[in-house]
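User: I'm new to reading protein structures. Can you walk me through this one with some questions and answers?

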Amino acid sequence: MINHIWFGLILIGVITGMFTGNMDQVSEAVLKSAEDGAMILIKLIGPMSLWLGIMKLAEESNFTDLISRVIRPITTRLFPEIPPNHPALGAIMLNISANILGLGNSATPLGINAMQKLQTLNPDSQRATNSMCTFLVINTSSVTLIPATIISLRSAAGSSAPMEIIGTTLFATTCSTIAGIIADRILRKIWS
Amino acid sequence: MALYLKYLSEWAIPVIVLTIVAYAYFKQVKVYEVFTEGAVEGVTTVVKIIPYLIAMLMAISIFRASGALDILLNILQPVLQFFGIPKEIVPLGLVRPLSGTGSLGIVTELIQQYGPDSFIGRLASTLQGSTETTFYIVAVYFGAVGIRNTRYAIVAGLIADLVGFLAAIYITRMVF
């Protein structure tokens with residue numbers, strides 16, 4: 001799947017560029033994207049180190065066990081393949097909480113940490129498991145209570161009620177998360 | 001209500017950090033040493049993501065810079081408008097799953113042009129807050145653990161994005 005999408009974007013892009021006369025922009029964009037990617041990741045190193053440190057503490061002290069026990073009624077249904085009390089559940093819980101609270105810079109490292117723990121349960125280290133796909137879909141559709149970035153953007157633009165979009169955002173994200181989980185359950189049966 | 005949410009957002013990180021560190025401390029964990037032991041993995045984890053993110057960003061940037069995305073937009077806009085989707089919002093819906101900075105730029109423009117409290121301004125805000133950059137998440141989350149076969153994850157993520165897009169339009173119309 002990803003091979004087709006990747007090749008398709010490049011092929012269509014370069015051929016379009018030939019006809020639209022945008023080859024100079026394409027040429028510039030190729031190298032700029034690589035630089036941008038590196039910059040994004042350099043900025044990620046700090047939060048990544050910080051949250052991996054905190055999560056190591058949560059693991060060593062068995063704090064993650066405590067969390068997984070509390071959320072077990074939900075997680076056993078969402079992630080039936082993860083053994084109860086597995087540390088992955090605690091990390092997943094913290095990532096989802098960070099997303100709900102609009103703490104994007106912390107959600108990514110916590111999500112990666114959860115992926116690393118899901119990887120320890122994976123029999124084929126290069127192929128995504130069902131649980132990984134479910135987790136990824138929950139993340140891309142993330143239920144959000146406080147869309148922090150957009151609220152600050154609205155208040156900077158002089159909105160009289162920057163937070164009035166909280167209700168609509170909560171509704172839209174709840175719909176997309178439910179749709180994502182349903183899609184996950186159907187697709188896993190037909191996708192090898 | 002709004003004020004409580006603001007406090008919740010501001011308090012969350014310090015309270016989570018304190019809770020985990022204090023819990024470990026009282027469980028006799030050597031907190032400082034164990035923290036640094038975990039944090040040392042930060043750099044290697046991020047380094048593993050580099051090839052995946054560069055691959056993804058390169059393909060997306062070629063698609064955008066060549067004008068292919070604009071052509072796709074010109075085709076989609078009249079079709080979607082026929083189904084009652086405001087044409088101003090279509091570029092945002094299309095760019096959102098591909099590029100986080102790109103979509104943030106579009107939202108900023110829409111808010112400036114139409115005003116934050118206009119219908120388009122509110123719709124753009126709801127959309128930006130309610131969907132994620134699916135391609136970035138796939139590259140970063142799967143890349144960090146070396147997953148190459150992403151199976152159906154992108155398709156399921158895009159289905160969720162589409163439903164979020166339609167739900168945002170529906171609810172913004174209903175509420176405002």
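User: How many salt bridges does the structure hold over all chains?
Analyst: Start with the rule: a salt bridge is a side-chain nitrogen of Lys or Arg within 4 Å of a carboxyl oxygen of Asp or Glu. Keep in mind that this is a predicted model, where local features need pLDDT of at least 70, side-chain atom pairs count only at pLDDT 80 or more, and totals for chains, interfaces and linings use all residues. Residues are numbered from 1 along each chain as written, chains are lettered from A and ligands numbered from 1 in the order written, and side-chain values use heavy atoms, with hydrogens and water left out. Over all chains, the number of salt bridges is eight.

User: Why does the pair A:Lys56 and B:Glu37 join two chains?
Analyst: The side chains of A:Lys56 and B:Glu37 meet in a salt bridge, at 4.0 Å from N to O. Helices here are DSSP runs (H or I, at least four residues), numbered from the N terminus. The pair joins two chains because A:Lys56 sits in helix H2 (residues 23-60) of chain A, while B:Glu37 sits in helix H2 (residues 31-39) of chain B.

User: Is A:Lys56 buried, partly exposed or exposed?
Analyst: Buried means under 20% relative accessible area, exposed means over 50%, and partly exposed is in between (1.4 Å probe, protein chains only). A:Lys56 has 25% relative accessibility, so the label is partly exposed.

User: Is A:Arg154 buried or exposed?
Analyst: A:Arg154 lies in helix H8 (residues 148-156) of chain A. Its relative accessible area is 0%, so A:Arg154 is buried.

User: What area is buried between chain A and chain B?
Analyst: Contact means heavy atoms within 4.5 Å, and 101 residues of chain A are in contact with 94 residues of chain B. Buried area is the accessible area (1.4 Å probe) that two parts lose on being put together, summed over both. Carbon and sulfur atoms give 78% of the total, which is about 8,200 Å².

User: Which residues does B:Ile111 touch?
Analyst: B:Ile111 is in helix H6 (residues 100-114) of chain B, and counts as buried at 2% relative accessibility. Leaving out residues up to four places away in sequence, B:Ile111 touches A:Leu153, A:Arg154, A:Ala157, B:Pro116, B:Gly121 and B:Ser125.

User: How many residues of helix H8 of chain B are buried?
Analyst: This helix covers residues 134-144 of chain B and is mostly covered. Its buried residues pack against several helices, among them H1 of chain A and helix H9 (153-175) of chain B. Out of eleven residues, the buried ones number ten.

User: Which helix gives the most to the nonpolar patch?
Analyst: Patches take residues with over 30% relative accessible area and no salt bridge, joining like charges within 9 Å and nonpolar side chains (Val, Leu, Ile, Met, Phe, Trp, Tyr) within 5 Å. This one is formed by A:Phe7, A:Leu11, A:Ile12, A:Ile15, A:Met18, A:Phe19 and A:Met23, with about 730 Å² of accessible area together; such areas come from the Shrake-Rupley method with a 1.4 Å probe, and for residues only the protein chains shown count as cover. Six residues come from the top contributor, helix H1 (residues 2-20) of chain A.
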